[in-house]
Amino acid sequence: MTPVVKLSRLFEAWNVELYAKLDLLQLSGSTKERTANGLIEELLGSRRLRTGGMIIESTSGNLGIALARQCVVRGVRFMAVVDENANPVALELMEAYGATVNRVQTPADGNKLAARRRRVSDLLAAHPGSVTTNQYGSLANPRAHFDSTMPEIIAGSGGNLDYLFVATSTTGTLLGCQQYIRTHGLNTKIVAVDSVGSVLFGGTAGTRRLPGLGAGVLPELASSAEPDLVFQIEEIDMVRGCRRLADREGILAGASTGAIVAALGTLLPSLEEGSRVAFMVHDTGVPYLQTVYNDEWVSTVLNEDPDHVADTEEFSDH
């Protein structure tokens, strides 16, 4: 369980109640701790996985860290299949937990996720008895958020939320929250926050340099995801959002949360006074110190002047 806190400085010009779900305080540093636990428990319950077995999974970072930690305490081996976008700090954390990291080169078509998933299939065939958690299609993914994430958000915020902002990749978190809202007859609207360059929600595939947000191939779970609103965010606005959250609230979060802050900055001015809004702080910003929070990276990789990545009320309109 992680706390829900009320924020007063992030967007103080707007008269809304704003709550942040601090999943960066999970043991592995992200919401994926919940996902990993649910996925592994489902495999153990079905007896497809036993102590001493091996999990092989495609990951952009956070799930790999969470799976590596969860496997340690269950006596299970873990192999993470990653691509060139994977955060070096995230890989070091996986290896610190004893995981094996298998790196995939970017294919000619540029689709890193598809390449990772192909590699997982090859490795499963090469390691008889190994299993994959299949974060992209397993119903245990959204179930974890139906059972824990959304109930904690409701309890911590006092309920009666008008909007909930969730970043999307496998869409498992969004789908679990969506199912909870519908099952309990809540009036909360779900806002899906995606990346420019992601194919989710009708997006067009393009270059994405920050991991953990968006997808190059539609995951199976996405067919059931029906958000009320969708925002596709440019990477430079993710940087602005991260830095704003750090500067104003002292919360050091990752790129997906920065994207949520950018989406909030776009929507909040149009909301009625007194609206009650919650959002996920999906992960810690520590693995992003050399990217999102690094002026040289912003300059050389995003080709943006770091002086223009200032704390501002304005975000790009997407």
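Two residues are in contact when heavy atoms of one lie within 4.5 Å of heavy atoms of the other. In this predicted model, that criterion applies to the pairing of helices α2 and α3, where Gly64, Ile65 and Ala68 of α2 meet Ala90, Leu93 and Met94 of α3. Helix α2 covers residues 62–74, and helix α3 covers residues 88–96. Their axes come within 8 Å and cross at roughly 10°. Angles under 35 degrees count as roughly parallel, and α2 and α3 are therefore roughly parallel to each other.

Valine 72 also belongs to helix α2. Its relative accessibility is 46%, so valine 72 counts as partly exposed; this class lies between the limits of 20% for buried and 50% for exposed residues. Together with Val73 and Tyr97, Val72 makes a nonpolar surface patch of about 260 Å².

Serine 256 is located in helix α8, which spans residues 255–267. With a relative accessibility of 6%, serine 256 counts as buried, because buried means under 20%. When neighbours within four places in sequence are set aside, the contacts of serine 256 are Ala167, Gly212, Leu213, His282 and Asp283.

Glycine 206 lies in the loop that runs between β7 (189–195) and β8 (229–233). The relative accessible area of glycine 206 is 42%, which makes this residue partly exposed. Glycine 206 and asparagine 111 are 95 residues apart along the chain, and their C-alpha atoms are separated by 9.1 Å.

Note on methods
Residues are numbered from 1 along each chain as its sequence is written. This is a predicted model: local features need pLDDT of at least 70, side-chain atom pairs count only at pLDDT 80 or more; totals for chains, interfaces and linings use all residues. Side-chain values use heavy atoms; hydrogens and water are left out. Patches are made of residues with over 30% relative accessible area and no salt bridge: like charges are joined within 9 Å, nonpolar side chains (Val, Leu, Ile, Met, Phe, Trp, Tyr) within 5 Å. Accessible areas come from the Shrake-Rupley method with a 1.4 Å probe; for residues, only the protein chains shown count as cover. A salt bridge is a side-chain nitrogen of Lys or Arg within 4 Å of a carboxyl oxygen of Asp or Glu. Helices (H or I, at least four residues) and strands (E, at least two) are DSSP runs, numbered from the N terminus. Buried means under 20% relative accessible area, exposed over 50%, partly exposed in between (1.4 Å probe, protein chains only). Axes are lines fitted to C-alpha atoms, for helices over the stretch in contact, and angles run from 0 to 180 degrees between N-to-C directions. Angles under 35 degrees count as roughly parallel, over 145 as roughly antiparallel, 65 to 115 as roughly perpendicular and the rest as oblique.
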